[in-house]
Amino acid sequence: MPDRQPSLRKTHITTERPPFERIALVLQGGGALGAYQGGVYQALAEANLHPDWVAGISIGAINSALIAGNPPEKRVERLREFWETVSSSRIGIPYFPEVKLEDEFAHSIVNQLRSFNTLLFGAPGFFKLRQPPPYLYPSMSPVSMSYYDITPLKATLERLVDFDLINAGATRFGVGTVNIRNSNFVYFDNATDQIGPQHVMASGSLPSGFPATEIEGEFYWDGGLVSNTPLQWVLDSSPRQDTLVFQLDLWSARGELPRNLTEIELRQKEIRFSSRTRAATDQFKKLQMARRTAAKLLKKLPKDLLQSPEAERLAELADEKVYNLIQLIYHAKNYEGCSKDYEFSRRTMEEHWKAGYHDAVRTLRHPEVLQRPDGADGVFTFDLATQDRGVAG
């Protein structure tokens, strides 16, 4: 197969594994923005930072499957194949990378037309518009409850993902979903479940665009309806381990005050799907500091107190593990607008991929992201957007 990767110059080399027991890659949902995660992964792979655990929601679940379901040397190639497939035009519009759209207004108009093309024709190898439309089918019919058919995604996953490899467990893998009947967040994990295409599809079954996915008699929707990142699941897993986490967010929690109805729609999407990752990491930082403090206190207690019920309960919570939480967030351009999560054109896909690659390269130029934290709380957080402005992690 010819080289499908964009012409990105390698600017970093990492040859030794960082001093952590586990490297985790956590991928947020965000539709067409998911190409950003592909670019980040390319940079991580070039730096020999191969994850031991990949977890995702929605499009993050698909990217996670492409990573965990292929050997390390094939992962970037498979990611590229998926993203080139879904960003190819159904109506034959050619992609001219040499043509630059310098004017922001013109770029915005072009992007809106491309997103309209997705609404009408879907994305190849991913989803297609139902014909006839769903409201012409009888009520309660499976095809009456979504505007798009996602059977093409099943075929794509079966072609590009080795589910036997996922279930062999060399790389831990998990996806988040929502049980429709009880509204509980459900996490399918190859440590406990036999994973198939249906689990990945369930994580991305966003209503009412996509149909619910049935698994063993229960029906599931997109995990982003409850939480758009599986970060908490990874951090709370037992047994706890020293962990280097790369959290790849596609929606920025921070934004400007909307000036019109279009910007209002965009901002509410960002608020709904950003997952408030910073708040979650701040909370985890406080919790881990308490755990480490408890571990240090237990070492100072006399033997008779160590045998008390209170000390035994405290020991269940105490540990001295360390965590580096490295967050990379896609920051959309002004011209992308509120349809940026379903604008699947090749030009925009390449923009997202390159943005992820360059953000990861810039992040890895900070040596502290791969070093064990030495603070009292045992947690180091890094966000390129704030760090480059001089804010401590």
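Here is a quick tour of this structure, topic by topic. The model is predicted, so keep that in mind as you look around. The protein chain has 14 helices and 11 strands, and 53% of its 393 residues count as buried. Take the contacts between residues at least 6 apart in sequence: 76% of them join residues at least 24 apart.

**The annotated spots**

- An unreviewed UniProt entry carries the annotation "active site" for Ser58 and Asp222. These two span 165 residues in sequence, yet their C-alpha atoms are not more than 6.0 Å apart, so they gather at one spot.
- Look for serine 58 in the loop between strand S2 (53–56) and helix H2. Serine 58 is buried, with a relative accessible area of 13%.
- Setting aside residues up to four places away in sequence, serine 58 touches Gly29, Ser203, Gly204 and Asp222.
- Aspartate 222 belongs to strand S8 (residues 218–222), and at 4% relative accessibility it counts as buried.
- Beyond its neighbours within four places in sequence, aspartate 222 has a list of contacts that includes Ser58, Val178, Ser203 and Gly204.

**Rings and charges**

- How many aromatic pairs does a search of the whole structure find? It turns up 15.
- One of them is phenylalanine 82 with phenylalanine 126: the ring centres are 6.2 Å apart and the planes sit at 55°, so this pair is tilted.
- Phenylalanine 82 is in helix H3 (residues 75–86), while phenylalanine 126 is in the loop between helix H4 (104–121) and strand S3 (128–129), so the pair ties together parts that are 44 residues apart in sequence.
- Arginine 172 has its charged end over the ring of tryptophan 53, 3.9 Å from the ring's centre. Arginine 80 does this with tryptophan 353, at 4.7 Å from the centre.

**What's inside**

- The largest nonpolar core has 72 residues, and those with the most contacts inside it are Leu25, Ile62, Phe82, Trp83, Phe126 and Phe246.
- Apart from that core lies another one of 13 residues, among them Tyr187, Leu235, Tyr323 and Leu325.
- Leucine 25 is in contact with residues including Tyr41, Trp53, Ile67 and Phe246, leaving aside its neighbours within four places in sequence.
- Helix H2 (residues 59–68) has 10 of its 10 residues buried, so it is largely enclosed by the rest of the structure.
- In helix H5 (residues 151–160), the buried residues are Pro152, Leu153, Thr156, Leu157 and Leu160. Viewed down the axis of H5, they fall within an arc of 135°, so they line one face of the helix.
- As a reminder, an α-helix has 3.6 residues a turn, so residues three or four places apart point the same way.
- What do the buried residues of H5 pack against? Their partners are H2, H3, S3, strand S4 (148–149), helix H6 (163–168) and helix H7 (197–203).

- Most residues other than glycine have a negative phi, and most peptide bonds are trans. Here are some exceptions.
- The bond from proline 207 to serine 208 is cis, with omega near -5°. Serine 208 sits in the loop between H7 and strand S7 (213–215).
- Serine 238 and proline 239 are also joined by a cis peptide bond, with omega about -5°. You'll find proline 239 in the loop between helix H8 (231–236) and strand S9 (243–249).
- Asparagine 48 isn't a glycine, but it has a positive phi of about 60°. Asparagine 48 is in the loop between helix H1 (35–46) and S2, and it is partly exposed at 42% relative accessible area.
- Glutamate 216 has a positive phi too, of about 50°. This residue lies in the loop between S7 and S8, and at 80% relative accessibility it counts as exposed.

Definitions and conventions
Residues numbered from 1 in each chain as written. Predicted model: local features only at pLDDT ≥ 70, side-chain atom pairs only at ≥ 80, totals over all residues. Heavy atoms only, no water. Phe/Tyr/Trp six-rings, centres within 6.5 Å; stacked < 30°, edge-to-face > 60°. Helix = DSSP H or I, 4+ residues; strand = E, 2+ residues; numbered from the N terminus. Lys NZ or Arg CZ within 6 Å of the ring centre and 35° of its normal. Buried < 20%, exposed > 50% of the residue type's maximum accessible area, 1.4 Å probe, protein only. Core = buried A, V, L, I, M, F, W, Y, C linked by side-chain atoms within 4.5 Å. Contact = heavy atoms within 4.5 Å. Arc of directions from axis to C-beta. UniProt positions renumbered as here; feature names shortened; annotations may be inferred.
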